[in-house]
Each structure stands twice: as structure tokens, then as C-alpha cells.
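Work through the exercises below with the sequence and the structure open beside you, and try each task before you read its solution.

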Amino acid sequence: MSELRPLSQVVGPRATAPPTSLTPADLRAVPSEVVARLRTARCVLTICHENPEADALGAALALALALEVRGARATPVCADPVPELYAFMPAIERFRTEPDPALDYDLIAVLDCGELERVGPVLATDAALFRRVPIVNIDHHKSNPGFGTVNWVDPEAAATCEMVTLLLQVLGVPFTAAERAIADALMAGLVMDTATFQHPNTTPRTLRVAAELVGAGAPLSAISRLLYRTKPDVQLRLFGRVLARIESELDGRLVWSTLTLEDLAATGAVPAFSEGIIDLLAQAKAGQIALLFKEQNGETRLSIRTPDGGPDATLLAARWGGGGHARASGATIRLPLGEAIPVVLAEARGMLGPGESAT
Ligand SMILES: [Mn+2]
């Protein structure tokens with residue numbers, strides 16, 4: 001059984017907290033109004049965005065389980081069914097695609113949603129609920145407009161699960177509670193949004209939060225393998241074909257490869273299996289621009305990666321109406337593969353300049 005601390009030990013900002021690697025400043029970052037709302041709520045809908053990934057699911061699930069540990073009722077909801085990839089998360093079966101009509105919610109916690117519409121169709125099907133019940137908005141997307149009754153938006157947080165971990169510490173819910181389902185859910189979100197602490201969004205606080213969860217028994221290594229280093233054989237064969245065909249020029253500063261419909265047919269791969277190939281191309285040592293051209297029924301999908309200090313990938317993607325981030329962008333080019341490649345390569349060469357003399 002899990003060792004639950006008695007609720008009498010539930011800590012407030014000025015109470016004596018249990019031993020933790022989290023700092024007082026980490027815990028002060030949790031707005032007191034967020035804590036107050038969650039302390040007093042009796043029946044909470046915890047909802048994340050549609051097309052969910054581990055950070056969204058982990059945050060909504062961990063918060064629901066923690067509220068139950070505190071004696072409240074809670075329903076984790078995601079408008080879409082949970083993808084099979086996340087079946088390893090304990091208690092993931094608790095997710096519903098709609099609020100429980102039998103419950104009378106007095107609080108809605110919206111998690112990892114850059115805007116309220118991200119909760120999906122449930123916003124329309126349960127419009128009255130969303131109008132009537134106060135919303136606590138907990139999110140780390142910079143663009144979040146603060147749609148909640150109470151808002152906690154922290155773009156410095158690597159994951160919404162980082163924020164929820166801090167919140168649960170303040171609420172005094174042990175991370176070992178719910179037979180460790182809370183710790184595992186939060187760790188899955190951290191691993192997902194940081195690519196196992198490799199993305200530059202990882203801060204000292206992210207690592208302190210992770211230390212707390214590993215200390216509670218969350219299987220960091222196993223979760224990382226499940227989320228990032230496990231692939232169907234068919235997908236590995238697809239990667240092999242695309243990687244075998246890598247080309248480069250300008251002393252290796254421009255690298256690219258292609259993925260054709262024939263590659264999918266020959267390996268039996270589905271288009272989603274191309275996920276991750278561009279990140280392997282981006283491992284080319286001298287690469288300043290890595291490109292993957294994917295054939296798509298008369299059009300070409302372009303993926304772009306550039307290293308820290310390299311060209312702005314959004315500038316290249318913008319030529320065809322695409323976008324993304326400075327280090328990772330994409331665009332759809334309304335040309336067949338064979339015509340798109342020379343056009344894009346010419347633009348990319350222009351961004352890189354003429355070889356050794358370039359700065
Ligand atoms: Mn997230």
C-alpha cells in the first residue's frame with residue numbers, strides 16, 4: 001500500500017514542508033489563489049487538450065488523483081481517446097472523453113491548453129458547464145491569453161507537469177500516493193516535453209522537480225525508453241531507407257533526404273512513422289540546415305531543423321507559408337517532390353552562403 005501522509009500534515013506556504021529538493025522559491029511560484037481554489041473544491045473536472053500527449057494527460061491525471069487523495073471527487077477528461085502509446089501510465093484508464101453527467105462540478109482545472117478552445121468539442125457540448133463553473137487555468141504556453149477565472153501561466157516551466165508537481169507539493173499530497181500513479185504521470189509529462197531533459201527548456205527547477213518524482217519511485221529510464229526509444233520494426237526499416245539516401249553539400253552544412261510513397265509501401269509503414277527522422281538528419285555533425293522532403297500525393301511536406309546559433313528555420317518555412325520555431329519548422333509545398341527539392345535547396349544554399357568564407 002502507499003504510505004499516505006495524514007491530511008493533518010497538509011502543508012501551507014508557512015507550514016513545515018516534508019523533506020524536499022524543491023526550494024522555497026520553487027513553491028512560492030504557485031499562486032495562492034490556485035492553491036485556495038483547489039483546496040476548497042469538492043468536485044473537480046481536470047481537463048487537458050485534445051490530441052493529447054504525455055504532458056497534457058499526465059497533468060490532468062495527476063491533479064485528479066491528488067484531489068482524490070485529499071478527499072475531493074475528480075474526473076480527468078480528454079476529448080480524444082488516450083493513444084495506445086500512453087497505456088503504460090498507471091490509472092490512465094480513468095480518463096473519460098466527456099465530463100461525468102452524474103457529478104456536480106464546482107471547479108474546472110484546464111491543463112496544458114494554450115487557449116480554452118484546445119479542450120476540444122467538449123467546450124460546445126458542455127457549454128453550460130464551462131459558463132457556470134470557475135476555471136483554473138494551469139499552463140506553460142507563452143501565448144496563453146489567461147482565459148481562466150484564475151490563471152497560472154508560466155512559460156519558464158518546461159512542462160505543465162512541472163507546475164503540477166509544485167502545486168501538489170504545496171497541497172501536501174505525497175508523490176507516492178495513488179500507488180505512485182501520480183509520480184509516474186508527472187514524470188511522463190516532464191520526459192515528453194523536455195525530450196528526457198535534452199531540450200533547452202530544462203531548468204534547474206525542472207531537474208529538482210524530476211528529482212522529487214524519481215525519489216518517489218517514478219521510473220525515469222523506462223518512461224524515457226517508452227516515449228522516445230521504442231519503435232515498431234517497420235518504422236526502423238523506414239528510417240533505414242531514408243537515412244541510406246542522405247545527401248549533403250557545402251561541406252556538410254546542408255543535409256537532406258527524401259521519404260517517398262514507395263518507402264511507405266515497401267516497408268508497410270504509415271505516414272506517422274516518419275516522426276523522428278528529421279531529428280536524426282539533424283544529428284549530422286557539420287549540419288546547419290537539415291531537411292526532410294516527404295512525398296504527399298502531388299505535394300511535398302518539408303521538415304526543417306537548424307542547430308543552436310544556426311539559421312532561423314522559420315525564415316525558410318515562411319517562403320511556402322509554413323512556420324514553427326527557429327530550430328524546428330515545416331511547410332507544405334504545392335509541388336511534386338522532384339520539383340520541390342531543387343527549389344528548396346536553392347533557398348537553403350542562399351541562407352548558408354558560399355562555404356568556408358561564410359560567417
Ligand atoms: Mn506541455
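A hairpin joins strand S10 to strand S11 through 3 residues, where strands are DSSP runs of E of at least two residues, helices are DSSP runs of H or I of at least four, and both are numbered from the N terminus. The model is predicted, and local features need pLDDT of at least 70, side-chain atom pairs count only at pLDDT 80 or more, while totals for chains, interfaces and linings use all residues.

**Exercise 1.** Find how S11 is paired with S10 and with S9.

Step 1: S10 (residues 323-324) and S11 run antiparallel and are joined by 2 bridges; two strands count as a pair if DSSP finds at least two bridges between them. In this pairing, Gly324 stands opposite Ser329 of S11.

Step 2: S11 (residues 328-333) is also joined to S9 (residues 299-305), by 6 bridges and again in antiparallel fashion, with Ser303 standing opposite Gly330.

**Exercise 2.** Work out the order of the strands in the open sheet of 5 strands, and explain which strands stand at its edges.

Step 1: The order is S2-S1-S3-S4-S5, and the pairing is parallel.

Step 2: S2 (73-77) and S5 (150-153) are at the edges, because each has a single partner strand, so that one side of each has no neighbour in the sheet.

Step 3: From one strand to the next, the twist averages 15°, the angles being taken between N-to-C directions, from 0 to 180 degrees, with axes fitted to C-alpha atoms and, for helices, over the stretch in contact.

Step 4: S1 and S3 (residues 107-111) run parallel and are joined by 5 bridges, and Ile47 stands opposite Val110 in S3. Helix H3 (residues 54-69) packs on the sheet, where it touches S1, S2 and S3, and its direction makes about 170° with that of S1.

**Exercise 3.** Decide whether Leu45 is buried or exposed, and list residues that it touches.

Step 1: Leu45 lies in S1 (residues 43-48).

Step 2: Leu45 has 30 other C-beta atoms within 10 Å, and therefore it is buried; the term buried applies at 20 or more such atoms, exposed at 12 or fewer, and partly exposed in between, with C-beta atoms placed from the backbone.

Step 3: Leaving out residues up to four places away in sequence, Leu45 touches Thr75, Val77, Pro99, Tyr105 and Ile108, a contact meaning C-beta atoms within 7 Å.

Note on methods: Residues numbered from 1 in each chain as written. Contact = placed C-beta atoms within 7 Å.
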